Amino acid sequence: MKQYPDFLRLAKGIEHDLIMIRRDIHQNPELGNEETRTSRLIAENLEKLGIEVKMGEGGIGVIGSFNVSDNSPVICLRADMDAIPVQENTGLPYESKVPGVMHACGHDIHCAVVLGAAEILSKYGNQLDGGVRFIFQPAEEIDLGAKAMLEQGVLEDPKPIGIFGLHVWPGITLGKVGIQSGAVMAAIDSFDVTFEGASAHGAEPHLGHDALLAASMSVVALQRIVSRTINPRDPAVITVGSMKSGAARNIIADSAYLSATVRTLDENVRASIKASVHKTISGCSDACDVNACIDYTEELPVLVNSQEMSDIALESAKRVLGENCITKIEPSMTGDDFALYAERIPGCYIFMGVTPHGHEIIPLHNPKFNPDEKVIPAAAAVLAHACWESLRQ
């Protein structure tokens, strides 16, 4: 029987190099579908390890293939690369050098972690029972990156047996890991509504058709969907984040616009809410004698961890970090386009704690977000072990 490498010792041996890569990426953040520099940096590091590299379209995105052939199983690791439009306020010596752009979601950490797993596994090509495909995708934050990588055939030739991904999670203590099967992140839908009425003097409202009133009634009525039509045990969120209307206080608005997001963890609930949104807005607009045009988009499915891949990840985390490393997690109403991979092949998304015990929890997308870099070797070791175990089984 093959002996397992000491994955954590190997990861700690390259910890300094991985931290330097992470800080380089952190200082030079790039928004979604602009990650050319980050892609080149990752490609160069993979090539140094003897890993075959394929660049994404336009030099954005990287696919690394190690030991991949048609005659053996392939497992995938995924990292996202994009930053977000936030002005950093950490005061770190490696603070972002790009005004208004920051890695406030930890994707710089994710890149370093998967590069670390790649370096570890690249030392054991003759012992791996298959191949590993390393996916560094752009544009997760704008829900376009996974779609682009899938269109470029990242899950083909041959089709992988599974995929692992991870996210640094400030709500989990450093050293702890959240892994569970089933729904772990929400489906994301969005809708935009344009209301068209007729203008009139504010003192003569009976001569117009008030689009602003129809929009306002809709915002209030939409809240009834979750509170009165969805089982309270089924998590669901409808948030109207933007409403625009009107030109002056004494003019009946002839148009109005609202924009909203919907989050669900069950496909039946998702379909029910979509139908209810159309019914609710149509009812409010009809009551105000206003036309409503609804543009409803189903953006991402529920992110569902497979039982098989979750069991492998759970056992790997325990072997690498100890039996007590696992912590209970609740499904998040945020979403991630890792769901598109996990929809096609068995997947597991792992949540790594990054907040030292007793420290203030700084949430994702916050200008002061500063995950503890000790997570890098720990996460790299867990992912490397999970790949090894998946191929062995």
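Tutor: Two strands are said to pair if DSSP finds at least two bridges between them. Please keep in mind that this is a predicted model.

Student: Then how many bridges join β2 to β4?
Tutor: There are 5 bridges between β2 and strand β4 (residues 131–137), and the two run antiparallel. Within this pair, Ile63 stands opposite Ile135 in β4.

Student: Is β2 (residues 62–66) mostly covered or mostly open?
Tutor: Mostly covered, as 5 of its 5 residues are buried. Val62, Gly64 and Phe66 are buried on one side of β2, and Ile63 and Ser65 are buried on the other.

Student: Let us change topic. What is the strand order in the open sheet of 4 strands?
Tutor: The order is β10-β12-β8-β13, with antiparallel pairing. β10 (236–245) and β13 (291–300) stand at the edges with a single partner strand each, so one side of each has no neighbour in the sheet. From one strand to the next, the twist averages 15°.

Student: How many bridges does β10 form with β12?
Tutor: β10 pairs with strand β12 (residues 255–264) over 9 bridges, in the antiparallel sense. Thr239 stands opposite Thr261 in β12.

Student: Which strands does helix α6 lie across?
Tutor: Helix α6 (residues 211–229) lies across β8 (187–196), β10 and β12, and runs at about 170° to β10. Helix α7 (residues 267–287) also packs on the sheet, where it touches β8, β10, β12 and β13. The direction of α7 makes about 165° with that of β13.

Student: Now the helices α4 and α10. At what angle do they pack?
Tutor: Helix α4 (residues 107–122) and helix α10 (residues 375–392) pack at about 50°, with their axes 8 Å apart. That angle makes α4 oblique to α10. The crossing of α4 past α10 is right-handed.

Student: Which residues make that contact?
Tutor: Among them are Ile109, Val113 and Ile120 of α4, together with Ile376, Leu383 and Cys387 of α10. The residues of the contact between α4 and α10 divide into 14 nonpolar, 1 polar and no charged.

How values were computed. Residues are numbered from 1 along each chain as its sequence is written. This is a predicted model: local features need pLDDT of at least 70, side-chain atom pairs count only at pLDDT 80 or more; totals for chains, interfaces and linings use all residues. Side-chain values use heavy atoms; hydrogens and water are left out. Axes are lines fitted to C-alpha atoms, for helices over the stretch in contact, and angles run from 0 to 180 degrees between N-to-C directions. Angles under 35 degrees count as roughly parallel, over 145 as roughly antiparallel, 65 to 115 as roughly perpendicular and the rest as oblique. A crossing is left-handed if the near helix is turned anticlockwise from the far one by less than a right angle, and right-handed if clockwise. Contact means heavy atoms within 4.5 Å. Ala, Val, Leu, Ile, Met, Phe, Trp, Tyr, Cys and Pro count as nonpolar, Asp, Glu, Lys and Arg as charged, and the others, Gly among them, as polar. Buried means under 20% relative accessible area, exposed over 50%, partly exposed in between (1.4 Å probe, protein chains only).
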